[in-house]
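Hello,

Here is the structure for your files. Please have a look, and then read my notes below.

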Amino acid sequence: MAARPRIKDVAEYAGVSPKTVSNVINDYEHVSERTRTAVREAIDALGYRVNIAGRQLRQGRTGMITLAVPELDVAYFSELAKHVMAEADRLGRTVLLHQTGGERARELAALHGFDTQFSDGVILSPLSLLPRDLATRDRRLPVVLLGERPAEGDTDHVGIDNVRAARDATAHLLARGRRRIAVIGGAVRGRQGTDRLRTDGHRQALRDAAVPFDPDLVVPVRAFHWRDGAQAATELIRRESPPDALLCLNDHMALGALRALHEAGRSVPGDLDVVGFDDIEAARFSVPSLTTVAPDKPRIARAAVDLLVHRIDTPDEPGPGRDEVIGHRIIVRESSGG
């Protein structure tokens with residue numbers, strides 16, 4: 001078996017010094033385009049591959065990043081994890097998955113890097129962190145937050161505009177003539193978490209359409225699971241004045257609601273429209289197929305990984321936390337007349 005080509009071999013082939021080859025590999029800006037092209041052609045001709053692991057060890061890094069999410073059996077997080085792993089692989093990183101269960105103690109452990117040196121940075125999707133928690137973290141550990149930011153500060157953040165997304169979903173239902181729209185998983189009071197922000201967006205759409213807001217149609221749940229959506233839908237349709245549409249704040253609850261409505265003999269979209277959030281794969285295969293708010297999960301993953309790796313690679317470049325707001329769209333399927 002032929003020996004693996006080294007930087008020395010690339011330099012000899014291109015007629016430059018090994019230092020120049022290193023500068024090209026590391027995208028150093030003060031290299032002429034002619035020299036850069038010659039080195040890249042030499043790399044391609046010899047089949048040279050960068051020894052990422054060796055470089056990271058020399059720089060005191062592990063080459064690993066942590067992704068900490070509440071629940072991997074919630075499809076949104078498992079699908080997002082797949083995209084994060086693909087983006088990390090693109091940049092030569094390995095992803096360690098950690099499930100927090102949405103528990104504050106576990107989220108704090110992730111925020112602090114688990115007090116170990118096995119990860120170069122953390123992508124964290126928190127549910128229970130308090131605003132004061134971010135102030136306690138060690139700034140030497142790069143962290144990117146997903147979802148809702150617990151507080152303003154110097155921690156990078158990636159997410160969708162939840163207020164606007166829920167407003168768009170409610171506007172879709174209003175355009176179909178629905179007026180008694182229940183929000184399963186919503187919150188009228190409390191901190192500005194995802195449930196509260198999406199409820200606020202729902203209220204904005206009602207206000208824009210001059211439709212009264214009924215707080216009794218906002219149904220909090222214990223968790224965003226299938227059974228919680230089914231239980232909430234069952235309770236709602238038994239009321240004296242039942243809703244004519246359900247806005248469920250994730251697809252798991254929406255799919256649970258569809259099952260409960262089917263068992264109760266209610267037609268969708270005849271008697272009620274149903275809309276979910278997240279566009280998980282199962283939404284395309286339910287009967288009826290589920291209308292849903294689709295965040296751009298590949299873009300969320302790319303933005304999070306790029307922000308984190310930039311912080312890892314430029315530890316001496318302090319700065320304010322950056323916010324990346326990723327787009328969404330409403331995918332209209334059979335559950336609301338699509």
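Which residue in E5 is the bridge partner of Val144? Asp156 is. Strand E4 (residues 143–146) and strand E5 (residues 156–160) run parallel, with three bridges joining them. Strands here are DSSP runs (E, at least two residues), and helices are H or I runs of at least four, both numbered from the N terminus.

This is a predicted model: local features need pLDDT of at least 70, side-chain atom pairs count only at pLDDT 80 or more, and totals for chains, interfaces and linings use all residues. Residues are numbered from 1 along each chain as its sequence is written, and side-chain values use heavy atoms, with hydrogens and water left out.

The sheet: E4 and E5 belong to an open sheet of six strands, in the order E2-E1-E3-E4-E5-E11, with parallel pairing. Pairing requires at least two DSSP bridges between two strands. Strand E2 (94–99) and strand E11 (323–326) are the edges, each pairing on one side only. From one strand to the next, the twist averages 20 degrees. Helix H11 (residues 297–313) packs on this sheet. H11 touches strand E1 (64–69), strand E3 (122–124), E4, E5 and E11 (contact: heavy atoms within 4.5 Å). Its direction makes about 175 degrees with that of E5. Axes are lines fitted to C-alpha atoms, for helices over the stretch in contact; angles run from 0 to 180 degrees between N-to-C directions.

Best wishes
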